[in-house]
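Keep your viewer open as you read.

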Amino acid sequence: MSEPRDQRSENNVRRPAPTHRRPHTRARDLERYAGLFAERTRVMRSSAMRDLMEITARPEVISLAGGLPDTSTFPPQSFAAQMTRIAQESSAEALQYGPTEGYSETKECIRAVMRAEGMDPDPDDIIVTTGGQQAIDLVAKTLVDPGDVVIAEAPTYPGAVPVFSSYQAETLQVEVDSDGMRIDLLAALLDRLARDGRRPKFIYSVPSFQNPAGVTLSPDRRRQLIDICRERELLVVEDNPYGLLRYEGEPAEPLYKLDGGDYVLYVGTFSKILSPGIRLGWLCAPPPIMAKVVLGKQASDLCTSTLSQYFVNEYFGEGRWREYIDSLISVYRARRDVMLDSLERHFPAAASWSHPEGGLFLWATLPGYIDTTDLLARALRDNVAFVPGAAAYADGASGSSSMRLNFSGSTEDEIREGIRRIGHVVSEQVELYGSITGEHRTTSDEQRATSGDVLPFPPRAE
Ligand SMILES: Cc1ncc(COP(=O)(O)O)c(C=O)c1O
């Protein structure tokens with residue numbers, strides 16, 4: 001059946017049909033449902049990043065907000081060839097339900113990725129999940145009762161905060177510095193909790209090229225963390241989406257390897273080394289925990305997409321997955337360098353930022369009187385976006401002078417222009433503060449010279 005003409009553009013590309021939008025919810029509508037909501041919805045929080053994604057999808061906005069890998073680097077011809085082979089050779093199986101734990105071929109691909117960082121998990125300790133995000137959710141679903149303590153880094157992955165809050169955990173955060181989580185502060189927190197008779201359910205950490213701060217847990221601190229967990233019999237959830245995206249320095253041993261898989265649960269994903277659209281991640285856990293996780297996953301979604309698993313199996317079968325990661329590394333390294341250089345040129349002297357050795361993000365901190373949530377509203381008027389620091393804290397308030405900046409999802413020119421625009425709105429705030437308080441301005445002459453009016457920037461290709 002042919003589509004109505006107005007759903008096809010001139011060059012015959014499909015456009016989504018116009019959607020019917022419900023008018024804004026009225027107070028009366030809210031009242032109708034309010035009494036039905038579960039207790040846990042009171043503490044559910046929207047992921048700040050998801051909210052931002054809608055705004056930043058506008059083509060005129062330069063978004064340094066998302067965590068998007070650059071999927072345009074994946075050769076479309078390879079994608080077409082792999083999917084064609086699946087259709088020709090395994091159509092019925094690929095379109096079918098699969099085992100809750102995931103296919104053994106996919107587990108072998110996962111083992112290959114983990115071996116590249118020195119780990120060698122037993123296939124029975126692996127479950128294939130719908131992204132790393134589901135793995136975090138399943139761990140929380142399996143372990144957290146309302147009121148339980150979960151420990152995370154400060155700042156932490158903004159997408160983990162709503163997971164912990166939806167299971168009504170009390171999330172306590174431990175500062176990071178340029179060597180990752182401060183283990184001395186962690187030990188002090190654990191002592192304090194022990195005195196109150198409380199025991200955290202787990203410590204959630206992104207030890208390598210952390211999202212959002214871009215910092216990496218040093219080898220010494222990794223060993224200290226494992227020692228603490230073994231002594232006190234505490235679980236760590238190691239979330240490692242970025243370990244293979246290293247642009248400089250020596251690889252650090254994953255916590256899972258150091259511990260041997262007794263106290264460390266491991267979360268991995270294909271999102272940043274292949275594609276987030278296939279929604280494929282995994283969890284490694286010891287058998288007693290895995291048994292409960294499998295039940296939790298059955299209740300959530302029965303199984304992870306069979307088609308996506310077939311795609312990964314096919315792709316890894318070609319044996320060139322390391323080459324693709326190498327190509328990502330050279331693209332992202334160059335973008336990181338452009339971002340670091342642009343920050344140097346356009347941010348005030350009073351600002352500081354991390355120097356990530358890998359991953360997709362860096363973390364910039366501005367003078368304390370600047371609130372980055374307010375600043376974002378101003379920046380969006382100049383068509384540029386970042387993630388305000390408060391999104392990375394469970395209290396929604398700390399980190400208010402910081403921002404997360406992504407360098408993987410924009411071109412080098414977009415990064416230069418995006419940072420210039422943010423630098424411009426920051427300089428405005430610095431000058432405003434200076435003129436109100438009479439304090440010495442921190443904007444250097446060079447920054448003043450380079451941060452004039454916002455230049456028109458060509459919209460990104462859709
Ligand atoms: C630290 C961390 N964990 C988990 C995820 C979730 O990734 P996915 O569900 O796409 O595997 C992300 C995505 O940005 C992340 O940065």
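What follows goes from the whole chain to the sheet, then to the ligand and a few individual residues.

First, the ground rules. This is a predicted model, in which local features need pLDDT of at least 70 and side-chain atom pairs count only at pLDDT 80 or more, while totals for chains, interfaces and linings use all residues. Residues are numbered from 1 along each chain as its sequence is written, and side-chain values use heavy atoms, with hydrogens and water left out.

Start with the chain as a whole. It has 15 helices and 14 strands, where helices (H or I, at least four residues) and strands (E, at least two) are DSSP runs numbered from the N terminus. Of its 462 residues, 52% are buried; buried means under 20% relative accessible area, exposed over 50%, and partly exposed in between, with a 1.4 Å probe and protein chains only. The chain exposes about 22100 Å², and carbon and sulfur atoms supply 51% of that area. Accessible areas here come from the Shrake-Rupley method with a 1.4 Å probe, and for residues only the protein chains shown count as cover. Contacts (heavy atoms within 4.5 Å) also say something about the fold: among those between residues at least 6 apart in sequence, 75% join residues at least 24 apart.

Now look for the sheet. Eight strands form an open sheet with mixed pairing, in the order S2-S9-S8-S7-S6-S3-S4-S5; two strands pair if DSSP finds at least two bridges between them. The edges are S2 (126–129) and S5 (180–181), each of which pairs on one side only. Strands S8 (residues 264–269) and S9 (residues 281–284) are antiparallel partners, joined over four bridges. To find this pair in your viewer, look for glycine 268, which stands opposite tryptophan 282 in S9.

Next comes the ligand. Which residues come nearest to it? Of the 14 residues around the ligand, these are Gly132, Asp239, Tyr242, Thr269 and Ser271; a residue is near if one of its heavy atoms lies within 4 Å. Helix H5 (residues 131–143) gives the largest share of this shell, four residues. Sorted by class, the shell has five nonpolar, six polar and three charged residues. In that scheme Ala, Val, Leu, Ile, Met, Phe, Trp, Tyr, Cys and Pro are nonpolar, Asp, Glu, Lys and Arg are charged, and the others, Gly among them, are polar.

An N or O atom in the side chain of aspartate 239 is 2.5 Å from a ligand nitrogen. For serine 271, an N or O atom in the side chain lies 2.6 Å from a ligand oxygen. Glutamine 133 uses its backbone instead, with an N or O atom 2.9 Å from a ligand oxygen. Of the 390 Å² of accessible area that the ligand has on its own, the protein covers 92%.

Some spots in the backbone deserve a stop. Most residues other than glycine have a negative phi, and most peptide bonds are trans. The bond from alanine 154 to proline 155 is cis, with omega near 0°, and proline 155 lies in the loop between S3 (149–154) and H6 (160–166). Another cis bond runs from asparagine 211 to proline 212, with omega near 20°; proline 212 is in the loop between S6 (202–205) and H8 (219–232). Glutamine 168 has a positive phi of about 60° although it is not a glycine, and it sits in the loop between H6 and S4 (170–177). Leucine 302, in the loop between H10 (287–301) and H11, has a positive phi too, near 65°. Glutamine 168 counts as partly exposed because its relative accessibility is 23%, and leucine 302 is partly exposed at 48%.

Finish with two residues in helices. Is glutamine 309 buried or exposed? Glutamine 309, in H11 (residues 306–317), counts as buried because its relative accessible area is 0%. Beyond its neighbours within four places in sequence, glutamine 309 is in contact with Gly102, Tyr103, Thr106, Val128, Leu280 and Thr304. Glycine 296, in H10, is buried as well, with a relative accessible area of 12%. Glycine 296 and aspartate 137 are 159 residues apart in sequence, while their C-alpha atoms are 9.6 Å apart in space.

Technical notes
Polar contact = N/O pair within 3.5 Å; in protein donor to acceptor, adjacent residues only side chain to side chain.
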